Amino acid sequence: MAKLFRVKTTKAFVAVLVTAPDIKIARRLARDVLRERLVACANLVPKIESHYWWLKEIRSDSEVLLILKTTKAKLPTLEKLILANHPYDTPEFLVLNLSKGSQRYLNWLTESVR
């Protein structure tokens, strides 16, 4: 295993939320961003129920939520890849700053996206 260095702050890390219409597309997006080393981990949460406004109507759909863990440095490229490969006209791409994380996990995350 590669030697991990010590991360001093959580300010460099984010979790990104992306919804997909089905598990097949969510898995493809997860593989794409992992292959490019844009994220350390992609969690897929199937069978969420989304209710939202679209084209002046309230709609609802079954979706899959991707939770992507990465660094702020990778965000521009990650967003570009998701937007270019997502089937929605307006895909969700929400970035959540991390306020705390275990040292070992943050070290692993950093090493994984190098």
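This is a predicted model: local features need pLDDT of at least 70, side-chain atom pairs count only at pLDDT 80 or more; totals for chains, interfaces and linings use all residues.

Visitor: How do you know how H1 and H2 are packed against each other?
Guide: Two packed helices are described by the angle between their axes and the distance between those axes. For H1 and H2 the angle is about 145 degrees and the axes are 11 Å apart. Their crossing is right-handed. On the H1 side, Arg 28, Leu 29, Asp 32 and Val 33 take part, and they meet Leu 78, Leu 81, Ile 82 and Asn 85 of H2.

Visitor: Why is Leu 81 called buried?
Guide: Buried means a relative accessible area under 20%. Leu 81 has 15%, so Leu 81 counts as buried. This residue is found in helix H2. Apart from neighbours within four places in sequence, Leu 81 is in contact with Asp 32, Val 33, Glu 36 and Leu 38.

Visitor: How far apart are Leu 81 and Ile 48?
Guide: They are 33 residues apart in sequence and 23 Å apart in space, taken from C-alpha to C-alpha.

Visitor: What makes E1 and E3 a pair of strands?
Guide: A pair needs at least two bridges. E1 and strand E3 (residues 57-71) have eight bridges, in the antiparallel sense, and therefore pair by that rule. Within this pairing, Ala 20 stands opposite Val 64, and Val 18 has Leu 66 as its bridge partner.

Visitor: How many bridges join E1 to E4?
Guide: Four bridges join E1 to strand E4 (residues 94-97), and the two run antiparallel. With at least two bridges required, E1 and E4 pair as well.

Visitor: What makes strand E1 mostly covered?
Guide: Eight of the eight residues in E1 (residues 13-20) are buried. Both faces are covered. One side has Phe 13, Ala 15, Leu 17 and Thr 19, and the other has Val 14, Val 16, Val 18 and Ala 20.

Visitor: Why is Thr 70 called buried?
Guide: The relative accessible area of Thr 70 is 0%, and the cut-off is under 20%, so Thr 70 is buried. Thr 70 lies in strand E3. Beyond neighbours within four places in sequence, its contacts include Ala 12, Phe 13, Val 14, Leu 75, Leu 109 and Val 113.

Visitor: How do you know that the side chain of Thr 70 makes a polar contact with Leu 38?
Guide: The side chain of Thr 70 reaches the backbone oxygen of Leu 38 at 2.4 Å. The limit for a polar contact is 3.5 Å, and the distance is within that limit.

Visitor: Why is the pair of Tyr 105 and Trp 108 called tilted?
Guide: A pair of aromatic rings is described by the distance of the centres and the angle of the planes. The centres of Tyr 105 and Trp 108 are 5.1 Å apart, within the 6.5 Å limit for a pair. Their planes are 50 degrees apart; stacked needs under 30 degrees and edge-to-face over 60, so the pair is tilted. The structure holds one aromatic pair.

Visitor: Where are these two residues in helix H3?
Guide: Tyr 105 and Trp 108 are three residues apart in H3 (residues 103-112), so about one helical turn separates them.

Visitor: Why are Tyr 105 and Trp 108 called partly exposed?
Guide: Partly exposed lies between the buried limit of 20% and the exposed limit of 50%. Tyr 105 has a relative accessible area of 32%, and Trp 108 has 30%, so both count as partly exposed. The buried residues of H3 are Leu 106, Asn 107, Leu 109, Thr 110 and Ser 112, and what covers them includes E1 and E3.

How values were computed. Residues are numbered from 1 along each chain as its sequence is written. Side-chain values use heavy atoms; hydrogens and water are left out. Buried means under 20% relative accessible area, exposed over 50%, partly exposed in between (1.4 Å probe, protein chains only). Rings of Phe, Tyr and Trp (its six-membered ring) pair if their centres lie within 6.5 Å; planes under 30 degrees apart count as stacked, over 60 as edge-to-face and the rest as tilted. A polar contact is a pair of N or O atoms within 3.5 Å; within protein, one must be able to donate a hydrogen and the other to accept it, and residues adjacent in sequence count only if both atoms are side-chain atoms. Contact means heavy atoms within 4.5 Å. Axes are lines fitted to C-alpha atoms, for helices over the stretch in contact, and angles run from 0 to 180 degrees between N-to-C directions. A crossing is left-handed if the near helix is turned anticlockwise from the far one by less than a right angle, and right-handed if clockwise.
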